[in-house]
Amino acid sequence: MTARSTIQAFFDPSTWTVSYVVADAATGAAAVIDPVLDYDFKSGHTDTSSADRVLAYLEERKLKVEWILETHAHADHLSAARYLQERVGGRIGIGEHIREVQATFKKLYNLEREFLPDGSQFDHLFRDGQVFRIGGIEATAMLVPGHTPADMAYLIEDSVFVGDTLFMPDVGTARADFPGGDAAVLYRSIRRLLALPPQTRIYVCHDYPPAGREAQWETTVAEQRAKNVHVRDGIAEEAFVAMRKARDATLEVPTLILPSIQVNVRAGQMPPADDNGVAYLRIPINALPRGGAAKAAK
């Protein structure tokens, strides 16, 4: 069967993030996946350049946004979901286990009493296996926890958008040391993705290319099974878990984790402004480790 969907990627070199627009060529309906709101950590200023590139593409092709899909509450960039929604509409969707992530980080940030960890900040919470539509295209939400408890992949025709669960084969897999992360669970989620037909196209949310390679974001199930440096066929769960734990213990806390999570659990909405009209992000002092596993907020 010929695919109806078109896929356009948008790479943000500041955060190594890839956002996508998936459109139904027949109806002009579209979904935006993992949009980026630019944020300058030094000045505290936001910028919409990355999201505006997406908007320009949507306008040029006269696409109607039905969905703004988040694969999870990202720790490495702020979400532009709310910014896009205010301009082009669409329902903001994420996996239903976002409630667990919200509860964890409400404690870490000591968020305002009015913030409820019930997922109500999003327009739709996907269940594992839930089928939805982008125009005439059928899509399926797949729960793929391990990186966080709430990670979702979106299977759209012969393509799957995997968020941070998998990277390009020469980079490997996501870390599993965030609150609620679990390397064994991550391994099983990845094997579920790699059980899809070999020709299934995999679109990753980040690329951290080794020296000498340009950024890439499209691979296949067959290529991942043959070449992924962390989880190719033949690597058992026990070996993967040992590798992942050892590797995660050496990783620094992501640069934007503290500003990004408190925005992303709100579906891209900034915290409520104070009585002076200014919104503030909260930075908990001495609450996260200096490096290695980010297991605060228990």
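**Close-up views of a predicted model**

**View 1. Helix 7 is largely enclosed by the rest of the structure, because 8 of its 8 residues (257-264) are buried.** Helices here are DSSP runs of H or I with at least four residues, strands are runs of E with at least two, and both are numbered from the N terminus. Buried means under 20% relative accessible area, exposed means over 50%, and partly exposed lies in between (1.4 Å probe, protein chains only). The model is predicted: local features need pLDDT of at least 70, side-chain atom pairs count only at pLDDT 80 or more, and totals for chains, interfaces and linings use all residues. Residues are numbered from 1 along each chain as its sequence is written, and side-chain values use heavy atoms, leaving out hydrogens and water. The buried residues of helix 7 include Ile257, Pro259, Gln262 and Asn264. What covers them includes strand 4, strand 7 (78-79) and helix 3 (98-109). Such cover is counted by contact, meaning heavy atoms within 4.5 Å.

View 2. Ser50, Ala51, Val54, Leu55, Tyr57 and Leu58 are buried in helix 1. Among the elements covering the buried residues are strand 1 (5-12), strand 3 (29-33), strand 6 (64-69) and helix 2 (81-88). How far should the 12 residues of helix 1 (residues 49-60) span? At 1.5 Å a residue they should span 16 Å, and the end C-alpha atoms are 16 Å apart, which agrees. The expected span is 1.5 Å times one less than the number of residues. Lys62 follows helix 1, and its phi is positive, near 55°.

**View 3. Val21 and Leu58 have the most contacts inside the largest nonpolar core, which has 43 residues.** A nonpolar core is a set of buried Ala, Val, Leu, Ile, Met, Phe, Trp, Tyr and Cys residues joined through side-chain atoms within 4.5 Å. A second, separate core of 24 residues includes Val144, Met168, Leu186 and Leu193. Not counting residues up to four places away in sequence, Leu58 touches Val21, Ala30, Val32, Leu63, Val65 and Val88. In soluble globular proteins, nonpolar side chains tend to be buried together.

**View 4. Tyr20 and Phe161 form an edge-to-face pair, because their ring planes lie at 65° with the centres 5.1 Å apart.** Rings of Phe, Tyr and Trp (its six-membered ring) pair if their centres lie within 6.5 Å; planes under 30 degrees apart are stacked, over 60 edge-to-face, and the rest tilted. Tyr20 lies in strand 2 and Phe161 in strand 13 (residues 159-161), so the pair ties together parts 141 residues apart in sequence. Both Tyr20 and Phe161 are buried. Elsewhere, Trp67, Phe126, Phe132 and Tyr154 form one aromatic cluster.

**View 5. Ser19 is buried, at 4% relative accessibility.** Ser19 belongs to strand 2 (residues 17-24). A polar atom of its side chain lies 2.5 Å from the backbone oxygen of Asp34. Beyond four places away in sequence, Ser19 touches residues including Gln8, Phe10, Ile33 and Val36.

Notes: Polar contact = N/O pair within 3.5 Å; in protein donor to acceptor, adjacent residues only side chain to side chain.
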